[in-house]
Amino acid sequence: MWLVCRSNIPHSAGVGFEGWTLVCRKCSSGRLEKFNTEMNFHFPGWNGLEKPTVWVFPEVAVCLNCGFAEFSMPEGELHELAEGVQNTE
Ligand SMILES: [Zn+2]
């Protein structure tokens, strides 16, 4: 998501976020919606099949125009993925 100003008011006027809109970073559409999700991450390669998966329940922003989606990995689960990937190499 990008935060884009669609206002004609100069930024120096101190308008805060008035006139700003979240838009898709792929197609620039403003048709973004957030969804609660559950994702189950599997580690890559044959060794990854033997490792426990990592469940994540992020809020995902989806562009209802082009389908592009994004989210931030929570810190704890990010650490689990980083550790798991290191041990499969
Ligand atoms: Zn889009």
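The structure is a predicted model, in which local features need pLDDT of at least 70, side-chain atom pairs count only at pLDDT 80 or more, and totals for chains, interfaces and linings use all residues. Residues are numbered from 1 along each chain as its sequence is written.

Glu33 is located in strand 3. Helices (H or I, at least four residues) and strands (E, at least two) are DSSP runs, numbered from the N terminus. When neighbours within four places in sequence are set aside, Glu33 is in contact with Val62 and Leu64; contact requires that the C-beta atoms of two residues, placed from the backbone, lie within 7 Å. Between the C-alpha atoms of Glu33 and Ala61 the separation is 5.5 Å, although these residues are 28 residues apart along the chain.

The protein contains two helices and seven strands, and its elements follow the order β-β-β-β-α-β-β-β-α from the N terminus on. Of its 89 residues, 4% are buried. Among contacts in the protein with a separation of 6 or more, 44% involve residues 24 or more positions apart.

An open sheet is formed by three strands in the order 3-6-7, with antiparallel pairing. Strand 3 and strand 7 each have a single partner strand and stand at the edges, so one side of each is left without a neighbour in the sheet. Two strands are taken to pair if DSSP finds at least two bridges between them. Strand 3 (residues 32–36) and strand 6 (residues 59–63) run antiparallel and are joined by five bridges. In this pairing, Asn36 of strand 3 stands opposite Glu59 in strand 6.

Strand 6 and strand 7 also run antiparallel, and two bridges join them. These two strands form a hairpin with five residues between them. Gly67, which lies in the turn, has a positive phi of about 95 degrees. Val62 has Ala69 in strand 7 as its bridge partner.

Ala69 belongs to strand 7 (residues 69–70). Ala69 is partly exposed, because 14 other C-beta atoms lie within 10 Å. Not counting residues up to four places away in sequence, Ala69 touches Val60, Ala61 and Val62. The C-alpha atoms of Ala69 and Cys24 are separated by 8.7 Å, and the two residues are 45 residues apart along the chain.

A positive phi also occurs at Ser28, where the value is about 70 degrees although the residue is not a glycine. Most residues other than glycine have a negative phi. Ser28 lies in the loop between strand 2 (20–23) and strand 3. Ser28 is exposed, because 12 other C-beta atoms lie within 10 Å.

Conventions. A residue is buried if 20 or more other C-beta atoms lie within 10 Å of its own, exposed if 12 or fewer, and partly exposed in between; C-beta atoms are placed from the backbone.
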